[in-house]
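Here are a few notes to go with the structure, for someone opening it for the first time. Have it on screen and follow along.

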Amino acid sequence: MVRGRPGERPAGTAEAGKGAVVATDEQVVYDPQTYQTGMPYEQLTRLREAAPVSWVPERSVDGAEHGPGYWAVWRHAEVKQVLKRPQLFSSELGATQIRDPATPEDLAYVQKSMLNMDPPEHSRLRRIVNRSFTPRAVERLRERIVERARLIVDEMIDGSTDHTADFAKVAADLPVWTLADVLGVPQTDRYLMFDWASRVIGFQDPEYAAISLTDATGTTPMAKAALAVRPSPGPDGTMPDPRTRGGIPDLYAYAHELAAEKRRAPGEDIMSLMLSQVDGDGLSTDEFENMFWLFAVAGNETLRNGIPGGMYALLHHPEQWRRLAADRSLLPGAADEMLRWWTPVIHFRRTATEDTELAGQRIAAGDKVVVYFASANRDPRAFDDPDTFDVTRSAADHLSFGHGPHYCLGSMLGKAQLVAMFDALLDRLAEVRAAGEPQRLRSNFQHGIKHLPIGWTLR
């Protein structure tokens, strides 16, 4: 097959009216502005059906320089091939975001994160924390998750005078509460994780890039010390890049404050476990900082957007709500279907380690290879009638938790939260309805809902 490169494909030259230029499907999918009005399923379908792998130019976005472009992988089978072959498609060479880190120093630092490692180093770090996510460990947390989900739903209902609420805000509390429990973060400080995750994942969205919802009143001295070094917008109104070591100093300050506290009084949480490895020379300081970042930020986002995404699906498919109400045994499968149909993480990047071929497409060593989960989860080769939301579907092969060596450690914990939240909602609400237009995140990476107004009828 002839290798296609950026200059060989016209970039948005079709005219639509006088002087108008129509963007190519690749440009639409790459543009973060696209996602404020919805996932571009029409474009993803055309790209997926045209070829399993195709070239996407990196245009200048938000003042960033043009990138070299990348190979996008659209189909389910080929996405799995990439993710299970780290020896050919590396997480480490250029990290896992489309945009390259700004400096070699930034790249070297993020390469200390488990997210941006290949085996055997990735395997070493994964073993350190794996015991915190075993079925037995999740089962110990399940009772508290169920209790908290019911409290959140009760507070939503009791706090509303008109039977409406912003469900995106309501749902955000369960993931941060659970992560605080897993990490050993005091519950008074948990919304620090909401702010950090918003700034990192929502760096392309002005509302989230500079967000600060944490009220220092009632927080611990650790939180107050972190808030004291939180960066402010610069003269141009922008925040420093939160995906760099210097861009989110409050997170790292808190990590070290919490570490000091855990050394004084260790527990059974992940922080205490990680610190035993740091102190025993099993984990470097950079690795410890990146591990805290990974759990506090990445561990938050899939569920923070997956729970509202599941509600969005049910609002638009009320018959599926009635099915769940009639048969709660469907909830575990429905959780997978919610994550498939909504797909919180749109893509992840790998980098080719050598000249290779994927689905007949030649790929050169050093090329970026970006797998699109949002496309693969709607691939008709993997799922019958994939655009339909069906809580009776067997959707366990969805890719929202990844695949291969980097398959999400917290997948069972995530599903437990989805099941608990919708079980609690079904207990109290006879039906739900949209109560306004949702506001979506401006991001080509995270399929996010910032605001989701809902209304309900009580049982």
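1. Start with the contact between α7 and α13. On the α7 side you'll find F167, A168, A171, A172, L174, P175, V176, L179 and L183, and they meet F292, F295, A296, G299, N300, L303, R304, I307, P308 and M311 of α13. By kind, the residues of this contact come out as 16 nonpolar, 2 polar and 1 charged. Keep in mind throughout that this is a predicted model.

2. Now the geometry of that pair. Helix α7 covers residues 167–183, and it packs against α13 at an angle of about 145°, the axes being 8 Å apart. The crossing of α7 past α13 is right-handed.

3. α13 turns up again around helix α15, residues 331–342. α15 has 12 residues and spans 16 Å from first C-alpha to last, close to the 16 Å expected at 1.5 Å a residue. How much of α15 is buried? The count is 10 of the 12 residues, so the helix is largely enclosed by the rest of the structure.

4. Which residues of α15 are the buried ones? They are L331, A334, A335, D336, E337, M338, L339, R340, W341 and W342. Note that D336, E337 and R340 are on that list. The cover over these residues includes the helices α2 (41–50), α13 (285–315), α14 (318–326) and α17 (411–428), along with the strands β12 (439–440) and β13 (449–451).

5. Look just past the end of α15 too: T343 there takes a positive phi of about 55°. N377 is buried, with a relative accessible area of 0%.

6. Next, the sheet. It is open, with 3 strands in the order β6-β14-β11 and antiparallel pairing. β6 (164–166) and β11 (429–434) are the edge strands with a single partner each, so one side of each has no neighbour in the sheet. On average, neighbouring strands are turned by 30° against each other, direction ignored.

7. Zooming in on one pairing: β6 and β14 (residues 453–458) run antiparallel and are joined by 3 bridges. T164 is the residue standing opposite G455 of β14.

Methods:
Residues numbered from 1 in each chain as written. Predicted model: local features only at pLDDT ≥ 70, side-chain atom pairs only at ≥ 80, totals over all residues. Heavy atoms only, no water. Helix = DSSP H or I, 4+ residues; strand = E, 2+ residues; numbered from the N terminus. Expected span 1.5 Å × (residues − 1). Buried < 20%, exposed > 50% of the residue type's maximum accessible area, 1.4 Å probe, protein only. Contact = heavy atoms within 4.5 Å. Pairing = 2+ DSSP bridges. Axes fitted to C-alpha atoms, helices over the stretch in contact; angles between N-to-C directions. Left-handed = near helix turned anticlockwise from the far one by under 90°. Nonpolar A, V, L, I, M, F, W, Y, C, P; charged D, E, K, R; others polar.
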